Structure formats: C-alpha cells, structure tokens
Amino acid sequence: MKNLQQELLFEKLRYETRRHFLKQCTTGLGMMAMGSLLQSCGSTQQNTSVSNPLSPKMPHFAGKAKSVIYLHMAGAPSQLELFDYKPDLMKLDGQSCPPSFLEGKKFAFIRGVPQMMGPQAQFQQVGKSGAWMSDKMPHLQSVADDISFIKAMYTDQFNHAPAQLLLHTGSARLGRPSTGTWATYGLGSENQNLPGYMVLTSGGKNPDGGKALWGSGFLPSVYQGVQCRNQGEPVLYISDPTGINRDIRKSTIDAITEINKESYEEFHDPETLARISQYEMAFRMQTTVPEVMDITKEPAYIHEMYGTQLGKESFANNCLLARKLVEQGVRFVQLFDWGWDSHGGGSEDTDVANGLTKKCSTVDKAITALIQDLKQRGLLDETLIVWGAEFGRTPMAENREGKAAAFKGRDHHTEAFTVWMAGGGIKGGYSHGETDPVGYVGIKDRTSVFDLQATIMHCLGFNHEEFTYPFQGRNFRLTDTSGKVIQSVLS
C-alpha cells in the first residue's frame, strides 16, 4: 500500500513539473500565443460592464440624433414613380432600350432588348423647397420641407438578400453586425427596461435577408435587434410559466446571474455578459413591454392621424409603436415592410402602376404622421428617420425571358435609387445628387450605401472610420473600407 501511495504521489508530481509541461504542452503554448495575436474570435476591447452592457455610453462627439427609426421597404419601390422625376423618360416610352444601357451589364431578369417605360405617376413640385414628388405619396408631400432626398445612390448587389445585407451590415455575406447593433453597442440604451434595438415587420413576410439584417454578427449578442410580434405576446415567452410567480422567477434569475458572473470573472467571455443582461432584461421586460406595445390607449386623433388598424398586422401600427419606443428611450427601431418588388409579372398587385399605388397607400399616411407626431412632441430634432430600400428599379420595362411582362413592371437596378432622411441632424427641404435624364445612372454627387451608413453614424456622434471592433486579427467597422459622410444633407 505504501509503495502504491508513493507511486501515485510521484505520478502527480511528474505532471506538475515544468519539464512535463514544456514536453507535452508545446502545441497548447503555440495556440495560446496565436490566440493572443489574433485575439481569438473575440476582442480585448470591451465596451461592456458586468453590471449592464446596455448602460448609456458617450459617442466620439455630440451627435444631434439620440435615436434612429429606419423604414425599409423590402423589395425596393421604384424611385421613378415616387421621387426621381424624369419627363424625358416619358418621351422614350415604348422605344427599344439603347444598347449602351445593356452592354456589359447584369440584371436580375431582363433578357434581350427591353422597351423603355415612362413614369407611371403624376409629379408636382411641393413645399417651399419645390421638391418633385408623385401623386402616389400625397400625404408625404405635406412634410417635404422636413426631408432630404438622396438621389443617385448606388449599390453593387442586384438580388434582394445580399443587397439588403450590404445595406444594413456593410457586407453582402452573412456574419456582420447590423447598423442597429453598431449603434446600440456604441451608445447603449436610455431605457434599461427595454432592449436598445427593436425590430417590427409588416407585409406578411420577413425581408429576404432574414434575421441577419438585425443580427449582432461578431459583436456581443446583447446588442442584436429584438423582433416584436404584431399579434399575441409582443415577445415570445415574456409571460411567467404556469405555476411560477414573480418572486420565484426573480430568485431563479438572481441565482443564474451569480453563476454567470463567476464564469465571466474566470473566462472574460463577452457572451457571458450578454447572457446576464438578457436574463435580467427579460425579467424587466415582462412588465414594461406589454404596456409600451399597447397602442389601444392612444387618443382617437392619434389613431386617425396614423391610420392604425387595431388587432391586425399593420405598418401604420408599427409606425405608432416606433414613436412610442423612441419616446421611451429605445436607441434604434427598425421597420421592415414586405411587398415592394414591382416586377409586374404575376398580377396587377405587382406592377408599378396600380400595385405600387396600393402599397404606397398602406404607408404614406403613417410615415407622414410619424414625422408630424415626433415634431409636435419635440422629438424630431433628436430622432433620425431613414426611408429606403436595397436598390432601385430600371427605366426599362421588365421582359423576363425576353418577353414583355403581363403588367407594367421594372427590374432590379443597382446604378441609381433614392433614399431620404429626416430629423436628427438632417437638413430639411433639400435634394442631393442627380441622375441622367432617364434615371439610369447618377451623373452628379453619386453616393453609395456605405456613404449612407457613414452619415447615420455621424448623426449619432461617431466617426465611422474610428468606430471599430477588433475581430480575427483586424479592426472591422460598419463601413468596412469605404464610405464618406454626405455633408450637404447635414443641418
């Protein structure tokens, strides 16, 4: 027995000697060294705290916008029927497309030689600024002097999902943090009982890019968007389980938090902080979210103003919710409305004449009300509103498989589309950029989706080139290696 004990002691000591460590663990040492150089898959830069990673933080400089409401029309409405007035295009209606528009170009569905198609809307100049706007957005015309139109914007992606990813994450591939995630990571949240980044969808479907459009990518997941439902519980599992009261729920979360804090102190994994924050946030949300997401208590004139539809999925409902959320200190609210893909091939509802008119009627009043409501509450100056889509539409009619479409439709177009901004930090009654006489390509002050991202970050108080996060050996930013702030639209 004594010999056995001595042998066990010898073996234990042998595994604790420096000689054994250097002999058997060289591979491990190499990986540790490599991990320190590449910073593994995480970061040594922690913009978080054990107590609350969503606590308010200071930007690089004093931004004019405290929050953002981003309105994305998924599918891409035609700028030629809304904001980019091209009377010369009407003169070419029905004529064959010039070869120079087709040579060396890629389109999603156009094949052969399509015909040019004039604007399927009536335009007029509105407001003191004299902005050209179509009759498809009659309510929005009344707030034209609060808006900066950014025309001649371009992208390099002509399919929905990658174009949406590029617009919202800075990359056409999966895995990058969204604009809302960057904003929440950099600024935290003014309301500790609600997520800093909330997402609302309408139109019957999620956008083609899916939930990656509001994902956290390589940033801690506590900063990702929280999608709220239009019917039933606003957030899944927000109610206490059957037989579990609030006291039991709170004591359970407290115990889990203590375990996670010990884990963080040992391993310093930022996802542990995210887990702590998400458990505690979920508990606080149980009482806060149902109240904030309840629009039934709003006055009758507000419902009339927005055109809400109580008890139904509605873009108007989501606009009203967006106002309530930013009023409560939510940093970034993103609205996606599906159904703007006006190819004209399937039915009248998909064309740029009647179909686009119907879609505009579901958003026009609500968007206008959102601007007016924020303005009357003194919130517009500190709330940045962004409206747009992933790309534009061609001045040529779509001819899928070389055949004319059954209805008047336009194909995806990367060379020129229109985005507009209003509110925090943005000049009203202004138009930036210009396209050629038929709206095919930008000829003056072209801007990229990276420029838009840089401008959003600037309004929030960030130098987009310095606002980075180290990941896998290099610093990443939302605008990656491109992007300039569109200075002319700033107030």
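Biologist: Which elements do the buried residues of H5 pack against?
Modeller: This is a predicted model: local features need pLDDT of at least 70, side-chain atom pairs count only at pLDDT 80 or more, and totals for chains, interfaces and linings use all residues. Residues are numbered from 1 along each chain as its sequence is written, and side-chain values use heavy atoms, leaving out hydrogens and water. Helices (H or I, at least four residues) and strands (E, at least two) are DSSP runs, numbered from the N terminus. Taking buried as under 20% relative accessible area, exposed as over 50% and partly exposed as in between (1.4 Å probe, protein chains only), and contact as heavy atoms within 4.5 Å, the buried residues of H5 pack against strand E1 (67-74), helix H6 (179-187), strand E7 (332-338), strand E10 (410-413) and H12.

Biologist: How many of the 10 residues of H5 are buried?
Modeller: The buried set includes His160, Ala163, Gln164 and the run Leu165, Leu166, Leu167, His168 and Thr169. H5 is largely enclosed by the rest of the structure because its buried residues number 8.

Biologist: At what angle do the axes of H5 and H12 cross?
Modeller: Axes are lines fitted to C-alpha atoms, for helices over the stretch in contact; angles run from 0 to 180 degrees between N-to-C directions. H5 spans residues 160-169 and H12 spans 449-460. Their axes come within 8 Å and cross at roughly 30°.

Biologist: How many charged residues are in the contact of H5 with H12?
Modeller: H5 brings Leu166, Leu167 and His168, and H12 brings Val449, Phe450, Leu452 and Gln453. Count Ala, Val, Leu, Ile, Met, Phe, Trp, Tyr, Cys and Pro as nonpolar, Asp, Glu, Lys and Arg as charged, and the others, Gly among them, as polar. The contact then has 5 nonpolar residues, 2 polar, and, as for charged residues, none.

Biologist: What is the phi of Gly170?
Modeller: Gly170 follows H5. Its phi is positive, near 85°.

Biologist: Which strand is joined to E4 by 5 bridges?
Modeller: Strands pair if DSSP finds at least two bridges between them. E4 (residues 147-154) runs parallel to E12 (residues 430-432) over 3 bridges, and parallel to E15 (residues 447-448) over 2. Phe149 stands opposite Ser431 in E12, and Met153 opposite Thr447 in E15. The antiparallel partner, over 5 bridges, is E11.

Biologist: Which residue of E11 is the bridge partner of Ile147?
Modeller: Ile147 belongs to a strand that is mostly covered, with 7 of 8 residues buried. Its partner in E11 is Ala422.

Biologist: Is Thr418 buried or exposed?
Modeller: Thr418 is found in strand E11. Leaving aside residues up to four places away in sequence, it touches Gln79, Phe83, Asp84, Phe149, Ile150, Lys151 and Trp387. Its relative accessibility is 5%, so Thr418 counts as buried.

Biologist: What share of the 491 residues of the protein is buried?
Modeller: The protein has 12 helices and 17 strands. Among contacts between residues at least 6 apart in sequence, 77% join residues at least 24 apart. The buried share of the residues is 53%.
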